[in-house]
Amino acid sequence: MEFDHVDLDVGKEGKWYETYNWNLLDFKKAISDSQTFYNNTGWGALYLENHDQPRSLNKFIKPEDIGPIPAKMLATVYFFLKGTPFIYQGQEIGMTNVEYPSIEHYNDLASIDQYYSALKEGFSKEEALAAIWRRSRDNSRTPMQWNHSEYAGFSQGTPWLEINSNYSFINVENALKDRNSLFYFYKKLISLRKSSPYSDVIAFGKYKDMFKDSLQIMAYTRELNDKKIAVIANFDNKELTLNLDFNIKNVILSNYDYLELHLNQIKLRPYESIVCEVDLSF
């Protein structure tokens with residue numbers, strides 16, 4: 001279990017309230033370093049969320065842009081790497097961080113300690129609480145949001161933490177009703193890894209990064225024998241046009257309903273991601 005790619009926002013000495021101004025280059029380097037190592041030996045645990053991390057949508061996506069499209073983009077980015085992908089509870093329906101009104105609402109001892117440490121170092125209550133909103137481990141420990149009933153359908157009793165207020169629309173019941181939901185997108189990802197013509201190249205293919213210096217695009221290829229796939233994701237909320245050094249043979253997956261591409265050129269909309277097969281005949 002590696003932490004370089006998920007602890008980019010932690011300040012010196014692990015202080016949540018002293019943030020490091022990281023960008024996509026830092027994230028890509030952390031991923032590429034480990035994946036390049038796995039080309040020769042080893043196997044990774046692929047994840048963006050767990051019980052000690054805040055929700056990935058809040059970490060990687062601008063607050064005003066959080067939604068199904070960016071969530072599918074994030075899922076695509078990590079699911080095609082070498083290793084075993086982990087889906088943390090609620091990640092598959094797009095659960096987000098919670099913002100409790102005061103530190104008294106939190107259970108996590110680390111969050112409480114960080115809050116009072118921030119106050120001792122001169123931060124205001126508002127600044128200290130904002131750091132907890134951003135980084136608390138309780139963000140991923142709120143009860144699973146099953147439906148829009150009381151306590152999100154988790155229990156008839158009062159849960160250990162208050163339910164995230166967005167449970168009325170972000171819940172399993174709604175996800176199962178919508179065939180375009182994030183939940184069904186994860187099912188597609190699992191199917192591609194386990195039982196598709198691309199299963200072997202996804203599992204064992206050699207990793208190589210693309211657009212290494214881009215602050216908007218994360219992209220890489222996986223290649224094994226006679227198959228090569230490319231994973232391309234736009235981390236920006238602006239449209240971008242990319243010229244590729246290969247021709248696209250087949251589009252395997254997209255997080256939008258339709259694509260705009262011309263063999264070796266693609267136009268990516270905000271937070272668009274595609275997985276395509278590379279034409280090796282050229």
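Me: Contact means heavy atoms within 4.5 Å. Leaving aside neighbours within four places in sequence, which residues is Phe80 in contact with?

Reply: The model is predicted: local features need pLDDT of at least 70, side-chain atom pairs count only at pLDDT 80 or more, and totals for chains, interfaces and linings use all residues. Numbering starts from 1 along each chain as its sequence is written, and side-chain values use heavy atoms, with hydrogens and water left out. Phe80 lies in the loop between helix H3 (68-79) and strand E2 (84-85); helices (H or I, at least four residues) and strands (E, at least two) are DSSP runs numbered from the N terminus. The contacts of Phe80 are Leu189, Leu192, Arg193, Ile202, Tyr220, Arg222, Ile229, Val231, Leu253 and Val275.

Me: Is Phe80 buried or exposed?

Reply: Buried means under 20% relative accessible area, exposed over 50%, and partly exposed in between (1.4 Å probe, protein chains only). Phe80 has a relative accessible area of 1%, so it counts as buried.

Me: What is the strand order in the open sheet of 5 strands?

Reply: Two strands pair if DSSP finds at least two bridges between them. The edge strands, which pair on one side only, are strand E3 (206-210) and strand E7 (248-254). With antiparallel pairing, the order is E3-E4-E5-E10-E7.

Me: Which residue of E10 stands opposite Val231, and opposite Leu253?

Reply: E5 and E10 run antiparallel and are joined by 5 bridges. E7 and E10 are also antiparallel, joined by 5 bridges. Val231 stands opposite Val275. Leu253, too, stands opposite Val275.

Me: How many of the residues of E10 are buried?

Reply: Strand E10 spans 273-278. E10 is largely enclosed by the rest of the structure, because the buried share of its residues is 6 of the 6.

Me: At about what angle does helix H1 run to E4?

Reply: Axes are lines fitted to C-alpha atoms, for helices over the stretch in contact, and angles run from 0 to 180 degrees between N-to-C directions. Helix H1 (residues 24-38) lies across E3 and E4. Its angle to E4 is about 15°.

Me: What is the bridge partner of Asn243 in E9?

Reply: An open sheet of 3 strands has the order E6-E9-E8, with antiparallel pairing. Its edge strands are strand E6 (240-243) and strand E8 (261-262). E6 and E9 are joined by 4 bridges. In E9, Asn243 has as its bridge partner Gln265.

Me: What is the phi of Ala152 near?

Reply: Most residues other than glycine have a negative phi. Ala152 lies in the loop between helix H5 (125-135) and helix H6 (172-177). Its relative accessible area is 0%, so Ala152 is buried. Phi of Ala152 has a positive value, near 55°.

Me: And what is the phi of Tyr271 near?

Reply: Tyr271 is found in the loop between strand E9 (265-268) and strand E10 (273-278). Tyr271 is buried, with a relative accessible area of 4%. Its phi is also positive, near 60°.

Me: Which residues form a nonpolar patch on the surface?

Reply: Phe154 is found in the loop between H5 and H6 and, at 35% relative accessibility, counts as partly exposed. The accessible area of the patch is about 330 Å². The patch residues are Trp146, Phe154 and Trp160.

Conventions
Patch = residues over 30% accessible without salt bridge, like charges linked within 9 Å, V, L, I, M, F, W, Y side chains within 5 Å. Areas by Shrake-Rupley, 256 points an atom, 1.4 Å probe, with all protein chains shown as cover. Salt bridge = Lys/Arg side-chain N within 4 Å of Asp/Glu carboxyl O.
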